[in-house]
Amino acid sequence: MTLSISDLKVTIGGKEILRGVDLDLRPGRVHGLAGESGSGKTMTGLAVLGLLPHGARATGRIALGERDLLGMSAKELNTVRGGEVAMVFQDPATSMHPMLSVGRQLTEHMRHHLGLDRKQARARAVELLGKVRIPGPEAAIDRYPHQFSGGMRQRIAIAIALACSPKVLIADEPTTALDVTVQAGVLRLLRGLCDDLGLAVLLVTHDLGVMSAVADEVSVMKEGLVVETGPRGQVLRNPVHPYTRALLDSLPGETA
Amino acid sequence: MTDRTTMTERATLLNVDDLVVEHRTPGRPLVRAVAGASLTVSAGEVVGLVGESGCGKSTLARAVCGLNRAASGTITFDGHPVTPLGLRRRDRALSGIQMVFQDPYSSLNPRRKVGAQIADGLRTAGDTSTAPADLLERVGLPRDFAGRHPHEFSGGQRQRIAIARALAARPSLLIGDEPISALDASAQAQVARLMRDLAVSSGAGLLFISHDLSVVRLIADRIAVMYLGKIVEVGRTEEVWTDPRHPYTRALLGAIPAPDGAGVLPAELPGDVPDPAAPPPGCRFHPRCPVAMDVCREREPAFGPVACWLHEPA
């Protein structure tokens with residue numbers, strides 16, 4: 001088990017956002033987290049990285065191997081974030097810095113976490129851009145985010161997240177802003193990376209189609225609680241909880 | 001206005017004919033973002049324009065609003081040619097075209113109250129009887145939001161405000177340029193439905209541009225599929241959805257994952273979108289097409305509704 005979340009509770013300003021979440025991520029497995037907006041999916045992801053909004057209080061345990069991420073100091077957490085645990089956000093237009101070249105954003109954390117020199121980092125960045133299928137990676141590395149389309153930007157964001165060979169990848173609606181054809185590619189990429197690198201992926205998405213395509217286990221959240229967890233086939237075909245059934249029933253008919 | 005012109009209005013509100021739009025950047029090759037696209041939108045009709053990012057959907061929409069200059073081809077709105085927006089006041093006849101932009105974080109003025117921005121639209125239409133708060137109510141927001149500033153709202157709320165502002169000008173054609181892609185996933189379907197309901201109930205046409213096929217399917221009467229500056233297939237939504245004919249449309253629909261729990265990764269379209277500055281000869285889709293024939297490499301299928309040599313009209 002790579003990452004184990006147990007009894008995670010988050011309160012912001014006296015309001016309970018998460019009310020005891022339990023999740024286990026295993027290497028080489030994609031764990032899908034479904035639920036509607038406001039159910040606490042994103043907060044769960046942010047809690048793992050210690051990126052909760054100001055004034056939030058988190059209790060419980062988030063164990064990465066033997067270490068508890070919730071008990072870590074900011075300094076210790078900085079060695080984990082972007083290194084062992086990485087995140088991909090929904091909107092690549094706002095998650096990337098508009099005034100730094102793609103190369104700068106790809107190499108900065110590599111040099112920090114992996115201790116690579118400028119040349120090595122750049123070589124690895126070019127390799128990563130090729131891996132996420134950015135055409136002409138050697139030229140692309142010196143360009144700025146606004147010079148890429150949304151799909152390309154998200155692929156670059158994934159490259160940035162993968163740069164330091166993380167063990168855990170939190171992907172928060174990573175394909176929502178993408179074209180379906182690009183989405184198919186990104187999902188294959190995520191699945192492939194998960195299988196090849198033994199990455200433990202927490203995939204937060206509202207799209208049950210995406211969930212069905214890549215997730216091994218699926219958890220459904222509602223009002224700060226995980227209401228159902230199980231293997232993909234079981235949760236999506238024979239949901240036990242009425243809320244999961246309602247989610248599935250609300251999908252527009254046949255999608256072939 | 002005679003009866004005859006009223007009839008033609010009903011038939012087609014917007015007519016885009018063989019439109020070409022080019023982007024010139026110093027030091028870079030000329031990019032033909034829209035390379036001969038034809039499209040019509042009728043009053044009360046919702047047309048969904050879909051395609052991958054970079055295929056020219058937004059450029060087409062911007063040209064319809066006069067924000068991009070047409071290199072050749074014509075755009076007529078309600079019988080008037082659409083002229084590019086310049087320094088002077090926009091032609092009154094064209095204020096019936098209103099656009100909702102992709103990003104409500106940048107399309108609303110952060111320093112002005114929401115009500116004042118909606119009032120701009122009302123002034124354009126010469127409407128003195130409607131209050132901005134009435135429009136907020138129509139888009140499902142409380143009336144007292146009019147006195148607040150954009151930063152106080154979430155993305156979904158802001159986009160509703162942008163829609164209210166566009167509706168204030170009494171448009172007969174509403175254009176949504178990826179109006180839902182900057183929104184939180186769960187707000188997307190809601191806002192898309194809202195746009196459809198508001199446009200159809202006021203008798204206006206809606207040109208809805210999105211890369212999200214499942215949302216377009218929910219709201220559009222007709223779907224136009226665009227690839228590399230050209231419209232490759234147009235048809236009624238159900239027909240396109242159940243029986244896609246162009247290989248590109250098939251690939252697009254095939255890429256949508258089904259929520260069946262089977263764990264099947266969606267089919268990937270091989271190759272990348274070619275550089276629009278140097279499009280391939282013949283059919284623009286042939287390098288990625290699974291059923292490409294010899295004729296596809298040589299001649300461009302310049303016909304509709306399905307621009308594919310497999311579906312050449314007899």
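## Strand β8 of chain A and its partners

V168(A) stands opposite A200(A) in β8(A). The chain passes from β7(A) through helix α8 (residues 180–197) of chain A to β8(A), and this β-α-β crossover is right-handed (with the strands pointing away from the viewer, the path from the first strand over the helix to the second runs clockwise). Strand β7 (residues 168–172) of chain A pairs with β8(A) in the parallel sense over five bridges; two strands pair if DSSP finds at least two bridges between them. Strand β3 (residues 30–34) of chain A and β8(A) also pair in the parallel sense, over four bridges, and V30(A) stands opposite V201(A). Helices (H or I, at least four residues) and strands (E, at least two) are DSSP runs, numbered from the N terminus.

The model is predicted: local features need pLDDT of at least 70, side-chain atom pairs count only at pLDDT 80 or more, and totals for chains, interfaces and linings use all residues. Residues are numbered from 1 along each chain as its sequence is written, while chains are lettered from A and ligands numbered from 1 in the order in which they are written.

## Burial of the strand

Five of the five residues of strand β8 (residues 200–204) of chain A are buried, so β8(A) is largely enclosed by the rest of the structure. A residue is buried if 20 or more other C-beta atoms lie within 10 Å of its own, exposed if 12 or fewer, and partly exposed in between, with C-beta atoms placed from the backbone. Both faces are covered: A200(A), L202(A) and V204(A) lie on one side, V201(A) and L203(A) on the other.

## The mixed sheet of chain A

Six strands of chain A form an open sheet in the order β6-β7-β8-β3-β9-β10, with mixed pairing. At the edges stand β6 (85–88) and β10 (225–231) of chain A, each with a single partner strand, so one side of each has no neighbour in the sheet. Neighbouring strands of this sheet are turned by 20° against each other on average, direction ignored. Axes are lines fitted to C-alpha atoms, for helices over the stretch in contact, and angles run from 0 to 180 degrees between N-to-C directions.

The pairing of β6(A) with β7(A) is parallel, over four bridges, and A86(A) stands opposite L169(A) in β7(A). Helix α7(A) packs on the sheet, touching β6 and β7 of chain A, and its direction makes about 175° with that of β6(A).

At 1.5 Å a residue, the 18 residues of α8(A) should span 26 Å, and the end C-alpha atoms are 25 Å apart, which agrees; the expected span is 1.5 Å times one less than the number of residues. Among the buried residues of α8(A) are V180(A), L187(A), L190(A), R191(A) and C194(A). The helix is followed by G198(A), whose phi is positive, near 65°.

In total, 37 residues of chain A are in contact with 30 residues of chain B (C-beta atoms, placed from the backbone, within 7 Å). Helix α8(A) gives the most to the side of chain A that touches chain B, with nine residues.

## H211 of chain B

H211(B) lies in the loop between β8 (205–209) and α8 (213–219) of chain B. H211(B) is buried, with 26 other C-beta atoms within 10 Å. Leaving aside its neighbours within four places in sequence, H211(B) is in contact with D179(A), V50(B), E52(B), S53(B) and S181(B).

Key
Contact = placed C-beta atoms within 7 Å.
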